[in-house]
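Please examine the model shown here together with its sequence. The paragraphs after it lead through the fold and some of its local features.

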Amino acid sequence: MVFKAPPMTCYCEKCGWKQTIIPTSDVLMFLPSCPKCEHAPLAHRTATASEVMAAKLKGLLGR
Ligand SMILES: [Zn+2]
């Protein structure tokens, strides 16, 4: 049985950087710290519908 994790948005409370992660495979990539200002740990919450949409578009364009 496979449980699908909900899309998550990781964000930096310091500089406002954020990334939406859609779990499409078994591998979930969580960054340990902010790639922009190296603030750690990153905060995360369930992604909003518009963030999920943006992340999907980005994924399509990135391939
Ligand atoms: Zn940051």
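This is a predicted model: local features need pLDDT of at least 70, side-chain atom pairs count only at pLDDT 80 or more; totals for chains, interfaces and linings use all residues.

Residues are numbered from 1 along each chain as its sequence is written.

Helices (H or I, at least four residues) and strands (E, at least two) are DSSP runs, numbered from the N terminus. Of the 63 residues, 11% count as buried; a residue is buried if 20 or more other C-beta atoms lie within 10 Å of its own, exposed if 12 or fewer, and partly exposed in between, with C-beta atoms placed from the backbone. Two residues are in contact if their C-beta atoms, placed from the backbone, lie within 7 Å. Among contacts between residues at least 6 apart in sequence, 46% join residues at least 24 apart.

The three strands form an open, antiparallel sheet in the order β2-β1-β3. Its edge strands, β2 (18-21) and β3 (43-46), each pair on one side only; strands pair if DSSP finds at least two bridges between them. Neighbouring strands of this sheet are turned by 20° against each other on average, direction ignored, the axes being lines fitted to C-alpha atoms, for helices over the stretch in contact, and angles running from 0 to 180 degrees between N-to-C directions. Four bridges join the antiparallel strands β1 and β2, and Cys10 has Gln19 in β2 as its bridge partner.

Pro7 is in the segment before β1 (8-11). Pro7 is partly exposed because 18 other C-beta atoms lie within 10 Å. Leaving aside residues up to four places away in sequence, Pro7 touches Thr20, Ile21, Ile22, Ala47, Val52 and Ala55. The C-alpha atoms of Pro7 and Glu51 are separated by 9.0 Å, although these residues are 44 apart along the chain.

Helix α1 (residues 49-61) has 13 residues and reaches 19 Å from its first C-alpha to its last, close to the expected 18 Å, which is 1.5 Å times one less than its number of residues. The helix is hardly covered, with one buried residue among its 13.

Two backbone features remain. Most residues other than glycine have a negative phi, and most peptide bonds are trans. Glu38, in the loop between β2 and β3, has a positive phi of about 65°; Glu38 counts as exposed because it has 11 C-beta neighbours inside 10 Å. Pro41 is also placed in the loop between β2 and β3, and the peptide bond from Ala40 to Pro41 is cis, with omega near -5°.
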